[in-house]
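Subject: Structure handover

Hi,

Here is the structure we talked about. Please open it next to this message; my notes follow below.

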Amino acid sequence: MLIRSDRSVYDHAIPSEITSRSVYEGRRDLLRLMGTGVAGAALAAWASRQALAQPAAATVRPGRLAALQAIRSNVPGASSMEQPTSYKDATSYNNYYEFGTDKSDPAKYAHTLKVAPWTVEIEGLIKRPGRYGIEDLQKLGAQEERIYRMRCVEGWSMVIPWVGYSLGELIRRVEPLGSAKYVEFVTLADPKTMPFIDSTVLNWPYVEGLRMDEAMHPLTLLCFGMYGEVLPNQNGAPVRLVVPWKYGFKSAKSLVKIRFTDQQPNTAWNRAAAREYGFYSNVNPNVDHPRWSQATERRIGEDGLFAKRRKTLMFNGYEPQVGQLYAGMDLKKLF
Amino acid sequence: MPALARQPARQAALLQHPQAKLVIFGLALLPCAWLVYAAIANQLGANPAEALVRATGDWTLRFLCVVLAVTPLRVVSATPALARFRRMLGLFVYFYAAMHLLSYSWFDMGFDMSDIARDIAKRPFILVGFTSFVLLSALAATSFNRAIRSLGAQRWRTLHKLVYVVAALAILHFFWMRAGKRNFAEVAVYAAVLGALLGWRAVRYLRRQTS
């Protein structure tokens with residue numbers, strides 16, 4: 001009898017990630033060859049990718065912040081083989097409007113953010129509501145390294161090794177009621193530490209939301225760190241959401257509240273410009289932003305000045321894993 | 001001669017020095033030199049293409065402010081020697097505008113004309129900037145002495161009043177670009193400077209009409 005787990009529906013391998021049979025069958029020989037330095041340059045590339053498949057996280061720590069130990073993730077699609085963006089670029093080119101709208105602002109001003117003590121309120125249509133201290137929240141699941149592509153709605157992208165666990169683990173623990181259809185994420189809005197919060201660009205606090213099945217998807221990450229260390233302030237410390245198949249703004253930073261509701265949440269960008277930012281905001285090269293094309297993106301740090309923009313992939317390349325969540329939906333209307 | 005009057009005389013002598021133009025020329029090239037160096041030394045941050053497009057746009061606006069400040073400065077400070085730098089500074093506006101257009105079409109768009117056409121259809125503020133550049137090209141093309149002579153001083157002056165249209169379009173271009181994030185602080189600074197420089201001309205014009 002075939003026994004299917006609730007996770008197996010997400011197991012659709014991407015062909016490029018499947019190790020070829022000949023390489024697989026000869027893996028011990030190859031490792032021995034590599035050990036003696038005989039393996040050629042072609043195999044070196046394979047070896048470095050294969051090294052990522054070891055249980056321990058492979059990312060080299062930048063040595064800036066406290067380490068956050070993580071194991072390699074087994075979640076399908078969670079370990080992109082692409083070259084990670086440099087830590088410097090990933091921490092100096094950010095959108096975190098509470099600290100200013102220029103992408104260099106968060107790195108300059110987010111040092112005022114006070115990340116300890118920190119609590120996250122979990123409430124709404126669940127059996128076990130409560131307040132979690134950040135340390136307790138961190139221990140609820142095994143910290144995994146997830147190397148995700150991150151596509152900003154503005155047309156640029158990065159590859160970031162995040163650290164965290166599937167949000168679904170937390171959701172299962174708090175036991176949602178049958179009536180819970182959506183999850184709302186509320187982020188910190190502190191006028192004392194956030195200099196740009198008196199601006200009119202958005203209605204604070206910043207609110208994001210997911211449908212329950214999206215929130216339960218194993219790729220949806222409750223994130224505590226990146227590059228093997230705790231999150232820098234400008235990247236959403238101490239805990240944020242990462243939803244790799246949606247535009248970056250869906251991945252709310254510095255969470256203070258997670259609320260389960262039967263109503264589709266009124267997200268911050270949707271309230272600011274409903275015509276431009278839909279509730280779903282899945283990465284989709286075929287549906288343009290009203291003010292610019294979404295067909296291509298600039299990969300930050302790739303080949304310097306003369307790099308061509310690359311084609312944006314449907315669901316940011318996570319279609320094998322998440323496509324079925326949107327089967328039958330008109331993604332032009334529900335953008 | 002009293003000491004007070006000697007000061008402007010020495011200034012005028014400095015401004016009339018044969019090397020003065022060369023010095024200004026060198027200074028005006030400094031931003032460009034820095035950007036070329038920064039691009040090579042990888043000092044332009046995470047998104048060098050975007051940084052170049054924005055920096056060249058900023059410098060176009062700054063030189064536009066500088067060149068439009070020449071005449072008010074000349075009149076207010078009674079320093080006629082300033083006039084000899086006006087053409088060169090005007091051409092530097094054109095130079096940085098051309099660098100701006102080049103950075104956009106090369107580094108951002110990879111000279112892909114169909115991509116550029118699609119991008120302009122999506123982002124009309126680019127068209128405003130481009131219109132401004134076309135008008136500026138007409139001014140640059142008629143900036144040498146033979147063009148002035150063949151046009152006749154009166155017609156040349158009328159044509160070069162287009163610089164006010166260029167300034168207005170440049171501000172609209174910048175405003176529109178920043179509208180997405182409603183980040184208008186810098187736009188307001190340039191608009192205020194250019195507005196003051198144009199306002200000074202308007203006041204002078206009205207005074208002449210009434211006197």
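Some ground rules. Residues are numbered from 1 along each chain as its sequence is written, and chains are lettered from A and ligands numbered from 1 in the order in which they are written. This is a predicted model, with local features needing pLDDT of at least 70 and side-chain atom pairs counting only at pLDDT 80 or more, while totals for chains, interfaces and linings use all residues.

Confidence

The model scores ipTM 0.78 and pTM 0.82.

Chain B

From the N terminus on, the elements of chain B read α-α-α-α-α-α-α-α-α-α. Along the principal axes, its C-alpha atoms fill a box of roughly 65 × 45 × 40 Å. The chain has 211 residues, and 23% of them count as buried. Buried means 20 or more other C-beta atoms within 10 Å of a residue's own; 12 or fewer means exposed, anything in between partly exposed, with C-beta atoms placed from the backbone.

Contacts are pairs of residues whose C-beta atoms, placed from the backbone, lie within 7 Å. Take the contacts in chain B with a separation of 6 or more: 65% of them come from residues 24 or more positions apart.

One helix pair deserves a look. Helix 2 (residues 20-40) of chain B and helix 3 (residues 48-76) of chain B have axes that come within 11 Å and cross at roughly 175 degrees. The axes are lines fitted to C-alpha atoms, for helices over the stretch in contact, and angles run from 0 to 180 degrees between N-to-C directions. The crossing makes helix 2 of chain B roughly antiparallel to helix 3 of chain B. The cut-offs are under 35 degrees for roughly parallel, over 145 for roughly antiparallel, 65 to 115 for roughly perpendicular, and oblique for the rest.

Helix 2 of chain B brings B:Pro31, B:Leu35 and B:Ala39 to this contact. Helix 3 of chain B brings B:Pro48, B:Leu52, B:Ala55 and B:Trp59. By class, the residues of this contact are seven nonpolar, no polar and no charged. Nonpolar covers Ala, Val, Leu, Ile, Met, Phe, Trp, Tyr, Cys and Pro; charged covers Asp, Glu, Lys and Arg; the others, Gly among them, are polar.

Between the chains

The contact takes 17 residues from chain A and 17 residues from chain B.

Sheets in chain A

Two strands pair if DSSP finds at least two bridges between them. In chain A, five strands form an open sheet in the order 3-2-11-6-7, with mixed pairing. Strand 3 (130-133) and strand 7 of chain A stand at the edges with a single partner strand each, so one side of each lacks a neighbour in the sheet. Neighbouring strands of this sheet are turned by 20 degrees against each other on average, direction ignored. Inside it, strand 2 (residues 119-124) and strand 11 (residues 255-261) of chain A run parallel, joined by four bridges. There, A:Ile122 has A:Ile258 as its bridge partner.

Strand 12 (residues 296-299) of chain A pairs with strand 5 (residues 156-166) of chain A in the parallel sense, over two bridges. A:Trp156 stands opposite A:Arg298. Strand 12 of chain A is also joined to strand 13 (residues 310-311) of chain A, antiparallel, by two bridges. In that pairing A:Glu297 partners A:Arg310.

Backbone points to check in chain A

- The peptide bond from A:Trp204 to A:Pro205 is cis, omega near 0 degrees. A:Pro205 lies in the loop between strand 6 (182-187) and strand 7 (207-211) of chain A.
- The bond from A:Ala237 to A:Pro238 is also cis, omega near -5 degrees. A:Pro238 sits in the loop between strand 9 (229-230) and strand 10 (240-242) of chain A.
- A:Ser281 is not a glycine, yet its phi is positive, near 45 degrees. A:Ser281 is buried, with 24 other C-beta atoms within 10 Å.
- A:Asn316 has a positive phi near 55 degrees. A:Asn316 counts as buried, with 24 C-beta neighbours inside 10 Å.

Best wishes

Definitions and conventions: Contact = placed C-beta atoms within 7 Å.
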